[in-house]
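Work through the exercises below with the model open in a viewer. Try each task before reading its solution.

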Amino acid sequence: MLAELERLYQQALAELEAITDSVALDAWRIAHLGRKAPLMQAFGRMREIPPEERPQVGRRINELRDALQAAYEARAEALRQAELARALQEERLDVTLPGRPRPYGRLHPTTQTIRDIVGIFQSMGFQVFQSREVETDEYNFQLLNIPPHHPARDMQDTFYVATPGVDEDETPPVVLRTHTSPGQIHAMRHYAAQDPENPPPIRVVLPGMVFRYEQITARSEIQFTQVEGLAVGRHITFSDLKGTLTEWARRMFGPGARTRFRPSYFPFTEPSVEMDVECFLCGGKGCSVCKHTGWLEVLGAGMVHPVVLRNGGYDPERYSGFAFGMGPERITMLRHGIQDIRHFWRNDVRFLEQF
Amino acid sequence: MKVPLSWLKDYVDIPLSVEDLANLLTSLGLEVEAVRYVGLPMPPADARLDFKTSGLAWDPDKIVVAEVREVLPHPNADRLVLARVYDGQAEHQVVTGAPNLFAYKGQGSLDPPLKVAYAREGAVLLDPYNPGGTLRLKRRKIRGVESYSMVCSEKELGISDEHEGIILLDADAPTGVPLADYMGDAVFDIAITPNMARALGILGVAREVAAALGAPLRVPDTAVVMEGPPIEGRAEVRITDPDANPRFAVGLIEDVTLGPSPYEVQRRLKLAGMRPINNIVDATNYVMLEWGEPLHAFDYDILVERAGGQAPTIITRRARPGERLTTLDGEERVLPPYAVLVTDTAGPLSIAGVMGGAESEVRPTTRRVLLEAAVWDPITIRRVSKALKLTTEAAYRYQRGVHPALVEPALLRALELMRRWSGGTVAQGIVDRYPKPQRDPVNRFRPADIRRLLGLDLTATEIANLLRRLEFRVTVHDDGTIEAQTPPHRLDIGEGVVGIADLAEEIARLYGYDRIPATRLADELPPYLGLERARREDRIKDALVVLGLQEVITYRLTAPEREARATVAGEPRPDSEYVRLVNPIAHDRRVLRQTLLPNLLEVAERNARFVARQALFEWGPVFLPREEGLLPDEPQRLALLLTGPREDDFWAGAAAEAMDFYDLKGVLETLARALHLPQPLRFEPGEHPSMHPGKTARVLLGDKVLGHLGELHPQVKARYDFGPAAVLVAELDGCALRDALPDRFTLRPVPQFPPVIEDLAFVVDETVPAAAVEDAIRAGGGAYLRAVTLFDVYRGQNIGAGKKSLAYRVAYQAPDRTLSDKDAARIRKKIVKRVAREVGGVLRG
Ligand SMILES: [Zn+2]
């Protein structure tokens with residue numbers, strides 16, 4: 001009997017070898033490991049062999065059955081793997097076909113740059129302060145130490161707003177603000193109102209739209225944005241101005257950004273400076289963007305003029321401060337190699353979608 | 001201002017290259033914008049410079065001072081001559097057509113010879129017939145006579161545009177010397193800021209350079225050879241308004257012969273941007289450019305004639321109503337009443353500080369000159385100059401402020417130059433009226449005041465020395481106080497706390513901005529004042545970007561017609577209802593916008609040519625005039641626009657459908673959720689001048705109307721260049737939206753137990769708004785109703801005409817247990833009852 005079982009065992013293994021699909025494999029399992037399989041029924045035929053051989057035969061039958069079971073499982077796994085491999089092969093995609101387009105929103109480049117600028121100052125303790133775009137002559141000029149007929153008015157060509165009851169040849173009292181600087185007065189007065197005797201220190205940034213009476217060209221616009229900044233306190237110095245703006249430049253343009261300061265003139269600051277940043281496009285070697293100077297003019301600044309401090313409600317004997325202003329469009333143009341400022345308000349999607 | 005280097009070097013020794021000097025000037029606040037090289041070597045083309053460069057370097061070997069020894073006729077051409085030229089080495093024959101040599105033709109040997117600028121073969125010159133180009137002198141034949149060199153005009157050398165004749169140098173020009181060594185120059189074009197008015201004379205610029213270099217300043221000699229009879233009794237001056245005219249002085253020079261100034265003077269005037277006229281006028285301009293004090297020359301004999309043969313009296317006064325004057329440019333001008341005039345007993349002579357009159361100006365026949373030096377009120381000059389649209393060198397300087405102390409030295413200097421250049425005799429003495437002497441501020445301060453402003457630790461002595469270099473008279477007292485007397489050429493130094501700030505600037509400038517340390521702000525941090533507006537606006541914009549919208553920023557300036565184009569009526573409102581500009585740059589940008597939609601439509605219209613799908617928004621102010629007060633309201637608005645396919649084209653599947661009303665509504669609903677608005681937005685049928693009457697919703701938050709949402713009215717759409725796809729627009733009150741943003745929000749607990757979900761379809765009349773059905777479901781469902789989602793709207797015969805079926809997926813959920821079927825049935829029953837009662841809805845089997 002044992003010999004017959006051995007033969008059946010060999011035959012079953014051979015059949016298993018030839019099986020390539022799960023249906024045949026199932027049939028094989030029923031034929032060779034099912035209840036009616038010869039090997040399974042061999043236990044029932046134990047009576048046919050001598051009792052002294054029975055333990056040895058029984059052990060051998062168990063061995064053969066376990067071996068067949070193992071062979072079956074190995075085969076089943078191999079078949080599963082083969083089928084999976086085939087399926088994966090069939091599901092293969094052309095990964096070079098384009099992906100499904102996703103609608104994607106963006107902030108306007110000016111907004112993006114303003115956020116970059118403002119974000120850095122916020123991390124230095126500056127708060128955002130907003131003020132109006134249509135201003136009085138008083139706020140836009142006079143309180144900033146630019147009295148009527150001051151030559152500095154030539155520096156800012158102004159849009160005047162018609163005001164009922166004001167003659168054509170009188171200087172109209174309302175203007176579109178030519179700079180964000182009137183916000184300095186608004187901010188100082190806002191803060192000073194907290195405690196007029198001992199006004200609190202101020203650190204604000206004032207982003208906003210400003211207007212100039214100019215022809216619209218590749219280099220000049222009738223409206224553009226500015227980010228103004230103002231720090232007022234009891235111990236604020238010109239060296240703080242330098243340190244703060246240098247630090248801003250490093251965070252804005254990279255840790256290696258070098259800066260330089262040149263004297264300048266603004267009626268509402270004294271001393272006044274202009275800050276240049278070493279050209280980040282050519283590393284200072286000179287290129288067309290920096291007009292071969294190696295430097296880019298990025299902002300004007302200065303110590304707040306005593307008259308302006310006083311107009312804001314801060315005693316210039318006790319308080320000092322610095323202010324600065326810069327143009328986000330100009331900075332955006334420098335950073336991205338934009339040649340024409342008119343792109344900003346034209347809002348051509350082919351321009352906007354690149355940001 | 002244009003400053004020739006040679007001129008600047010009259011007053012200060014400058015051991016610097018042209019480029020280093022330019023940088024020094026810029027570092028002093030005298031920004032050099034450009035340098036024009038007029039003979040001196042130019043920097044290499046790839047040099048890193050902070051200013052523009054132009055001009056021509058004169059090759060010292062090829063361009064030299066030479067002398068014309070004889071002028072001969074050209075054998076074959078009447079319009080050419082041959083010049084016998086000696087260049088210090090040899091004689092050359094030069095063919096030239098210079099008209100100013102013709103007078104010497106055939107006169108034989110010239111003694112003294114004429115001094116000229118001579119260019120040898122191979123010299124590079126500017127090409128007079130090709131602006132910006134150069135040419136190299138080559139050997140060739142001109143009308144049969146060999147030519148290889150030339151005598152130059154100013155144009156070929158880049159001095160001026162003068163090309164009519166050749167340069168005739170002054171007689172003392174040294175023959176054979178390279179021209180670049182003799183008169184090679186560089187002209188600095190300096191942008192003078194209003195606080196730098198003292199540098200509107202070259203002497204003023206020299207003073208700054210001297211201060212920076214620590215070098216002595218050579219002030220021009222003001223000694224005058226006065227050999228004529230005294231001026232006393234021959235001219236009188238009367239000032240009627242010292243505020244308008246703080247100082248007025250005159251001098252007299254007689255027996256002048258008008259003629260050209262020395263060549264060197266003419267060359268300098270040209271380099272400085274002025275046209276030489278004659279030796280008298282040139283002297284006034286030369287001294288103005290030197291000192292910054294404008295001067296005016298009158299023909300004295302005309303003044304005497306106007307005074308009826310008497311000694312003239314000059315009277316300065318305000319203009320009388322309707323007074324007129326013909327200025328020396330030949331224009332008759334009506335003078336505004338605030339103008340100040342220089343007059344005599346016969347009437348106006350000149351517009352003070354702006355322009356002289358035609359009648360009394362010097363002319364070729366003038367023999368006696370009364371020379372005026374005066375100072376005028378800057379504001380008056382500015383107003384007059386603006387009103388008459390007359391911008392002159394004098395007005396430019398007076399507007400910025402001329403120190404009255406300059407009157408006397410400038411007058412004397414000009415008298416002496418006139419004497420030398422015109423051969424006249426100067427009358428003894430001057431008439432000088434100075435009723436309102438300038439008080440030059442004295443500032444007292446301590447080093448601590450400077451440290452407080454600059455963060456720079458300087459001793460009193462260091463500060464004193466810096467200021468002394470700028471000619472402040474400084475005393476350091478024992479207690480450490482510094483006392484600084486402002487020098488009598490500056491009007492920009494104030495007093496008290498302003499004066500100290502002014503001095504701090506001078507100290508910083510001379511010390512060097514780059515040497516001042518850079519420090520971090522150490523001052524106390526300001527209190528937080530809750531300026532939340534900007535942060536909330538950022539949140540709104542961010543949410544819209546996440547929703548796939550592109551931000552645009554458009555012009556605040558527009559025109560009523562542009563806004564009307566976006567309305568069905570198309571009727572522009574009058575300009576008077578807008579914030580209107582007095583001086584618009586263009587007719588279609590003359591008022592401030594009152595809505596964002598028209599701009600957004602214009603943007604979309606332009607872009608429609610390039611892209612099918614657009615999703616745009618703008619956040620920004622509109623400008624609404626107010627009944628009272630000068631200033632308009634500037635409320636923020638939010639406008640949105642969608643048009644085109646819901647998705648961009650893709651290679652698999654059908655093309656996406658065009659976006660419709662519900663796309664934009666979905667954006668607003670999601671925006672409201674993203675912003676955690678305390679309650680959902682409500683939408684009611686609405687009306688809007690730009691929108692389709694049947695596809696417009698009023699958007700409400702609580703009881704507050706936020707704005708409108710809708711499809712663009714077909715008639716409005718037809719006015720724009722749009723494709724067939726619907727254009728969906730919305731405009732909302734940005735301030736209300738912003739202010740509705742909660743500072744914080746509380747989370748609902750995340751459910752622990754599963755919901756029971758079932759679908760309920762109700763048949764209602766067509767007229768019943770979906771929102772009413774949903775409200776009824778919510779009211780009926782009570783606390784356990786978790787979610788209601790409309791998933792189908794069906795119309796068909798089997799539910800009857802005039803009816804619609806709305807299918808909702810509803811979820812019931814309890815916080816503390818799993819709801820049973822019985823619970824669900826109870827809730828459903830309440831919902832069905834409520835829907836039946838409130839909107840007449842019937843549950844569909
Ligand atoms: Zn560069």
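**Exercise 1. Which residue of β12(B) stands opposite B:Ala119? Then place the pairing in its sheet.**

Solution. 
- Step 1. Start from B:Ala119. Its opposite number in β12(B) is B:Met150. Note that this is a predicted model.
- Step 2. Count the bridges. Two of them link β7(B) to β12(B), and the sense is antiparallel.
- Step 3. Widen the view. The chain B sheet is open and has five strands, ordered β6-β5-β4-β7-β12, with antiparallel pairing.
- Step 4. Find the edges. β6 (91-96) and β12 (150-151) of chain B each have a single partner strand, so one side of each has no neighbour in the sheet.

**Exercise 2. Is B:Arg120 buried or exposed, and what is it in contact with?**

Solution. 
- Step 1. Locate the residue. B:Arg120 sits in the loop that runs between β7 and β8 (124-126) of chain B.
- Step 2. Apply the cut-off. Buried means under 20% relative accessible area. B:Arg120 has 14%, so it is buried.
- Step 3. List the contacts, setting aside neighbours within four places in sequence. B:Arg120 touches B:Asp61, B:Lys62, B:Val64, B:Asp87, B:Gln89, B:Leu137, B:Tyr148 and B:Ser149.

**Exercise 3. Examine the backbone of chain B. What are the phi values of B:Arg143 and B:Asp255, and which peptide bond to B:Pro112 is cis?**

Solution. 
- Step 1. Recall the background. Most residues other than glycine have a negative phi, and most peptide bonds are trans.
- Step 2. Take B:Arg143. Its phi is positive, about 50°, and it is not a glycine. The residue belongs to the loop between β10 (140-142) and β11 (145-147) of chain B. Its relative accessibility is 54%, so B:Arg143 counts as exposed.
- Step 3. Take B:Asp255. Phi is again positive, near 60°, in a residue other than glycine. The loop here lies between β15 (247-254) and α7 (263-271) of chain B. With a relative accessible area of 44%, B:Asp255 is partly exposed.
- Step 4. Turn to omega. The bond from B:Asp111 to B:Pro112 is cis, with omega near 0°. B:Pro112 is in the loop between α3 (99-102) and β7 (114-119) of chain B.

**Exercise 4. How many of the eight residues of helix α11 of chain B are buried, and what covers them?**

Solution. 
- Step 1. Count. Six of the eight residues in α11 (393-400) are buried, and the helix is mostly covered.
- Step 2. Name them. They are B:Ala394, B:Ala395, B:Arg397, B:Tyr398, B:Gln399 and B:Arg400.
- Step 3. Find the cover. It includes α8 (279-291), β23 (369-375) and α10 (378-387) of chain B.
- Step 4. Step past the end. B:Gly401 follows α11(B), and its phi is positive, near 105°.

**Exercise 5. Move to chain A. Which residues lie on each side of strand β5, and which strands pair with it?**

Solution. 
- Step 1. Check burial. β5 (202-211) of chain A has 10 of its 10 residues buried.
- Step 2. One side carries A:Ile202, A:Val204, A:Leu206, A:Gly208 and A:Val210. The other carries A:Arg203, A:Val205, A:Pro207, A:Met209 and A:Phe211. Both faces are covered.
- Step 3. Take the parallel partner. β1 (127-128) of chain A joins β5(A) through two bridges. A:Val128 is partnered by A:Val205.
- Step 4. Take the antiparallel partner. β6 (223-233) of chain A pairs with β5(A) over 10 bridges. Here A:Arg203 has A:Ala231 as its bridge partner.
- Step 5. Look at another strand, β8 (269-278) of chain A, which holds A:Pro271. The peptide bond joining A:Glu270 and A:Pro271 is cis, with omega about -5°.

Note on methods
Residues numbered from 1 in each chain as written. Chains lettered and ligands numbered in written order. Predicted model: local features only at pLDDT ≥ 70, side-chain atom pairs only at ≥ 80, totals over all residues. Heavy atoms only, no water. Buried < 20%, exposed > 50% of the residue type's maximum accessible area, 1.4 Å probe, protein only. Helix = DSSP H or I, 4+ residues; strand = E, 2+ residues; numbered from the N terminus. Contact = heavy atoms within 4.5 Å. Pairing = 2+ DSSP bridges.
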